[in-house]
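Colleague: I am new to this structure. Could you take me through it step by step?

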Amino acid sequence: MKRQLPKRHDLAPLLRFKEPTWSAKERRLARALTVEDLRRIARRRTPKAAFDYTDGAADGEVSLARAREAFADVEFRPAILRDVSEVDTSREVLGERVALPFGIAPTGFTRMMQAEGEIAGATAAAAAGIPFALSTMGTTSIEDVAAAAPEGRHWFQLYMWKDRDRSMALVDRAAAAGFDTLLVTVDVPVAGARLRDVRNGMTIPPTLTPRTVANAIPRPAWWFNFLTTEPLAFASLDSWSGTVAELLDTMFDPTVTYDDLAWIKEQWPGKVVVKGVQTVDDACRCADVGVDALLLSNHGGRQLDRAPVPFHLLPDVVAAVGDRVEVHLDTGIMSGQDIVAAVAHGAHFTLIGRAYLYGLMAGGREGVDRVIDILAGQVERTMKLLGVRTLDELNPEHVVQLRRLEPRA
């Protein structure tokens, strides 16, 4: 074999060095290629009680595991030889165009996960052209969210409290601030048994014990941000010094009925979504009330363990009421492939909760931008690989659900 010394002009293309990134945050976010990567970063950077509040679910966490298994058990059926040089990931949702088939779900206690909290989520969502939903249990006020992202599309999530006047005062504030959609959460007659929170003794604000201090030592950035920013408070209620479970049980109203849903709809000037639908019968009854959309959700597995898997329920609900209301879906979404599978299975729109919070904990506003970028890239790539150019071209023929769980006769 004949050998020769390499020439300088041959070596030049092989010796291009990447410009160093001086920001540690930029480096770690750039290395994150999936939501699971962001989850691992979030776990390293966030105290255990706050991370477990996001990551955990109720009782044995079976509902959450099954929801994620449902997406893992999807088999895609791609079409070949289609022109997919350009794809459109936008869609009209509740009367307005959104850039992507997902939005940010309402999450409670968000500034406890990372100090930028809801402002990071709202501004990132506005920049991406997707909706941001603020929770009743959020830690930034309705008005501050609206002011931080005046060009954004904001939804407000309502827990109906035992104090109805207080609940409706929040609704009035949201309407006055320009929020266009109300998400009425209906799966919370009581708080779920979130055992990680009980074991961690999670309180608002966090309680300093020898164990929490020891857990904080390798996470100084979180504590520095927590202690040097505005004290943690709720968007919509007074301060609280007990556990999260105790707070929720004092607030949630187990007497709420369909009559209350109809009454709420009459009070709200915008669109109404019912969040927490878990059976076809309830989907039909909610549609009869005249709401604009149903959000199939088991609260991320955080309420009733072994609840129905929203993705499994989706085709039956779409068949029953899809011609009358939009059908949205959350719970278990960890990738753009999950989102595409949901849309192909019949969902008009999806919401992400944990995925967004993993990005927030990993890097604040830039971390939320990163999770949106990851999911958007996965959605677009999956659409191209399936041979579709628009979300409307996705249909049940593109997915097969390989079920692990079949009802026994």
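Modeller: Contact here means heavy atoms within 4.5 Å. Please also keep in mind that this is a predicted model.

Colleague: Which residues of α3 meet α18?

Modeller: On the α3 side they are Val35, Leu38, Arg39, Ile41, Ala42 and Arg45. Their partners in α18 are Ala355, Tyr358, Gly359, Met361, Ala362, Arg370, Val371, Ile374 and Leu375. By type, the residues of this contact divide into 11 nonpolar, 1 polar and 3 charged.

Colleague: At what angle do α3 and α18 pack?

Modeller: The angle is about 170°, and the axes of helix α3 (residues 35-45) and helix α18 (residues 354-386) are 10 Å apart. Angles over 145 degrees count as roughly antiparallel, and α3 and α18 are therefore roughly antiparallel to each other.

Colleague: What is Leu294 in contact with, leaving aside its neighbours within four places in sequence?

Modeller: Its contacts are Val273, Val274, Val277, Ala283, Cys286, Val317, Val321, Val325, Glu326, Val327 and His328.

Colleague: Which residues of helix α5 are buried?

Modeller: In α5 (residues 62-72), the buried residues are Ser63, Leu64, Ala67, Ala70 and Phe71. They lie on the same side of α5, because they cover an arc of only 120° around the axis. In general, an α-helix has 3.6 residues a turn, so residues three or four places apart point the same way.

Colleague: A change of topic: which residue has a positive phi of about 60° although it is not a glycine?

Modeller: That is Phe109, in the loop between β4 (102-104) and α6. Most residues other than glycine have a negative phi. Arg306 likewise is not a glycine and has a positive phi, of about 65°; this residue lies in the loop between β9 (293-296) and α16 (310-321).

Colleague: Is Phe109 buried or exposed? And Arg306, buried or exposed?

Modeller: Phe109 counts as buried, at 0% relative accessibility. Arg306 is exposed, with a relative accessible area of 55%.

Colleague: Lastly, where does Met112 lie?

Modeller: Met112 is in helix α6 (residues 110-113) and counts as buried, at 2% relative accessibility.

Methods
Residues are numbered from 1 along each chain as its sequence is written. This is a predicted model: local features need pLDDT of at least 70, side-chain atom pairs count only at pLDDT 80 or more; totals for chains, interfaces and linings use all residues. Side-chain values use heavy atoms; hydrogens and water are left out. Axes are lines fitted to C-alpha atoms, for helices over the stretch in contact, and angles run from 0 to 180 degrees between N-to-C directions. Helices (H or I, at least four residues) and strands (E, at least two) are DSSP runs, numbered from the N terminus. Angles under 35 degrees count as roughly parallel, over 145 as roughly antiparallel, 65 to 115 as roughly perpendicular and the rest as oblique. Ala, Val, Leu, Ile, Met, Phe, Trp, Tyr, Cys and Pro count as nonpolar, Asp, Glu, Lys and Arg as charged, and the others, Gly among them, as polar. Buried means under 20% relative accessible area, exposed over 50%, partly exposed in between (1.4 Å probe, protein chains only). The arc is that of the directions from the helix axis to the C-beta atoms.
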